Amino acid sequence: MIKRSKRLLSFFEVKSEMHLHFYSHEEVTEGGEAMFANDANALSKTTRINMLFDFYESLLTNKQQTILAYYYHEDFSLGEIASEFNISRQAVYDNMKRAEQALESYEDKLGLLKKHQLREQLLQEIEAFANDTDDVYRKKLLEWAEAFRLADQSGKEEVTVHGSI
């Protein structure tokens, strides 16, 4: 495994004699200057790639899976991944971008993430509606919503809910 102590030291910059400033991964550039990335966009992209990775991981090559996992899950830098594979940082970057494009392509064709998000939105609306209805209907609606959510998470084709309203 990679020794990470040198990496942590590179994130510190001495601002004055007694003051250290910690920069996040997105803020550090090769020259050591701070680059303040749009945190909302960076977080949004990271979240989307992680969700796409959850749905389509098995469709990627082993190398693409490993590079994305190191970068997005383990928070490795491009340099750390490059040393792990004995390739250049540019090669890691290119592989990562191709893998991200592949994930987006799979989503364009299959739409699993979009369908999942739509189901989640509908379940939230059902639960909100259930909270505004009578106790008799609320219990059953919430039970169905939970059964549907569990079936969606486990990948089952069929959901069995006992009883009726």
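Helices (H or I, at least four residues) and strands (E, at least two) are DSSP runs, numbered from the N terminus. This is a predicted model, in which local features need pLDDT of at least 70, side-chain atom pairs count only at pLDDT 80 or more, and totals for chains, interfaces and linings use all residues. Residues are numbered from 1 along each chain as its sequence is written, and side-chain values use heavy atoms, with hydrogens and water left out.

**Exercise 1.** Work out the order of helices and strands along the protein chain.

*Solution.* Start with the tally: the protein chain has 7 helices and 2 strands. Then read along the sequence, and the pattern is α-β-β-α-α-α-α-α-α.

**Exercise 2.** Find the residues that touch the most other members of the largest nonpolar core.

*Solution.* A nonpolar core is a set of buried (under 20% relative accessible area, 1.4 Å probe, protein chains only) Ala, Val, Leu, Ile, Met, Phe, Trp, Tyr and Cys residues joined through side-chain atoms within 4.5 Å. Among its 18 residues, L60, L68, I81 and L103 touch the most other members. Next, look at the elements: α2 (39–56), α3 (62–73), α4 (78–85) and α5 (89–110) each give two or more residues. Of these, α5 gives the most, with 5 residues. Now take L103: leaving aside residues up to four places away in sequence, L103 touches I49, L52, F53, Y56, L60 and L68 (contact means heavy atoms within 4.5 Å).

**Exercise 3.** Identify the residues through which α3 and α4 meet.

*Solution.* On the α3 side, take K63, T66, I67, Y70 and Y71; on the α4 side, L78, I81, E84 and F85. Sorted by type, the residues of this contact are 6 nonpolar, 1 polar and 2 charged (Ala, Val, Leu, Ile, Met, Phe, Trp, Tyr, Cys and Pro count as nonpolar, Asp, Glu, Lys and Arg as charged, and the others, Gly among them, as polar).

Technical notes: Buried means under 20% relative accessible area, exposed over 50%, partly exposed in between (1.4 Å probe, protein chains only).
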